[in-house]
Amino acid sequence: MILTILALLIVFAGAAFSFKAYADTVAYLISDNGKVAVYRGVPGEMFGIKLSQLDHTTDVSVSDLQPGVANRLESGIRVDNIDAANALIEEYQAEISSKSTTPGATAENTNNSTDASASSTTGTSDSNKQTSDASANGSADKA
């Protein structure tokens with residue numbers, strides 16, 4: 001009987017150790033006071049013990065992210081490890097910075113291309129008009 005209890009305790013301790021080792025390697029991102037935070041571990045508690053700890057809070061504002069990402073951050077986005085979490089944050093930062101610089105550049109490029117189109121259209125109609133005038137003058141000279 002004592003050997004059975006001892007065997008069960010060893011199995012339980014091994015399972016707890018394995019879970020703790022797993023929880024220390026995984027990470028998740030979550031919204032924390034409007035910013036993206038990185039936690040090491042898994043969300044939740046077991047027997048009153050938290051299964052995660054705050055690794056760091058970023059300067060990425062949840063309100064700057066796409067609505068779908070912001071919604072997923074409310075419940076947490078699980079990743080394989082801290083490096084994967086940091087890579088995801090870098091993607092968010094790149095997306096935010098491209099979103100803030102792209103609209104102005106796009107509008108300016110659109111205006112420039114519109115001006116260029118108008119110039120080339122005007123130039124084409126002017127050259128057609130000159131060709132028509134030359135043809136008419138040539139016909140009038142022959143008559």
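## Contacts and overall fold

Among contacts in the protein chain between residues at least 6 apart in sequence, 53% join residues at least 24 apart. A contact means heavy atoms within 4.5 Å. This is a predicted model, in which local features need pLDDT of at least 70, side-chain atom pairs count only at pLDDT 80 or more, and totals for chains, interfaces and linings use all residues. Residues are numbered from 1 along each chain as its sequence is written, and side-chain values use heavy atoms, with hydrogens and water left out.

The protein chain has three helices and four strands. Their order along the sequence is α-β-β-β-α-β-α. Helices (H or I, at least four residues) and strands (E, at least two) are DSSP runs, numbered from the N terminus.

## Confidence

Mean pLDDT for the protein chain is 77, and 71% of its residues reach 70 or more. pLDDT is the predictor's confidence in each residue, from 0 to 100.

Residues 105-132 stay under 50 in pLDDT. Where pLDDT is low, the predicted coordinates should not be read in detail.

Buried residues make up 22% of the 143 residues in the protein chain. Buried means under 20% relative accessible area, exposed means over 50%, and partly exposed lies in between (1.4 Å probe, protein chains only). A nonpolar core is a set of buried Ala, Val, Leu, Ile, Met, Phe, Trp, Tyr and Cys residues joined through side-chain atoms within 4.5 Å.

The largest nonpolar core has 18 residues, of which L29, V36, V60, L65, L73 and Y92 touch the most other members. β1 (27-32), β2, α2 (67-75), β4 (77-79) and α3 (82-142) each supply at least two residues of this core. Helix α3 gives the most, with six residues.

Which residues does L65 touch, not counting residues up to four places away in sequence? They are V36, V60, L73, Y92, I96 and K99. Y92 lies in helix α3 and counts as buried because its relative accessibility is 7%. Leaving aside neighbours within four places in sequence, Y92 is in contact with L29, V60, L65, V69 and I77. Its C-alpha atom is separated by 9.7 Å from that of V62, 30 residues apart along the chain.

## Salt bridge

The structure holds one salt bridge. R40 pairs with D55, and the closest N and O atoms are 3.1 Å apart. The pair links distant parts of the chain: R40 is in strand β2 and D55 in strand β3, 15 residues apart. A salt bridge is a side-chain nitrogen of Lys or Arg within 4 Å of a carboxyl oxygen of Asp or Glu.

R40 is partly exposed, with a relative accessible area of 28%. D55 is also partly exposed, at 33%. Side chains of opposite charge can pair when their charged atoms come close.

## Surface and loops

The accessible surface of the protein chain comes to about 10,000 Å², of which 58% belongs to carbon and sulfur atoms. Areas come from the Shrake-Rupley method with a 1.4 Å probe; for residues, only the protein chains shown count as cover. F19, Y22, M46 and F47 make a nonpolar surface patch of about 460 Å². Patches are made of residues with over 30% relative accessible area and no salt bridge: like charges are joined within 9 Å, nonpolar side chains (Val, Leu, Ile, Met, Phe, Trp, Tyr) within 5 Å.

F47 sits in the loop between β2 (35-46) and β3 (49-61). F47 is exposed at 74% relative accessibility, and its phi is near 55 degrees, a positive value in a residue other than glycine. N33 has a positive phi of about 55 degrees although it is not a glycine. N33 is in the loop between β1 and β2 and is exposed, with a relative accessible area of 78%.
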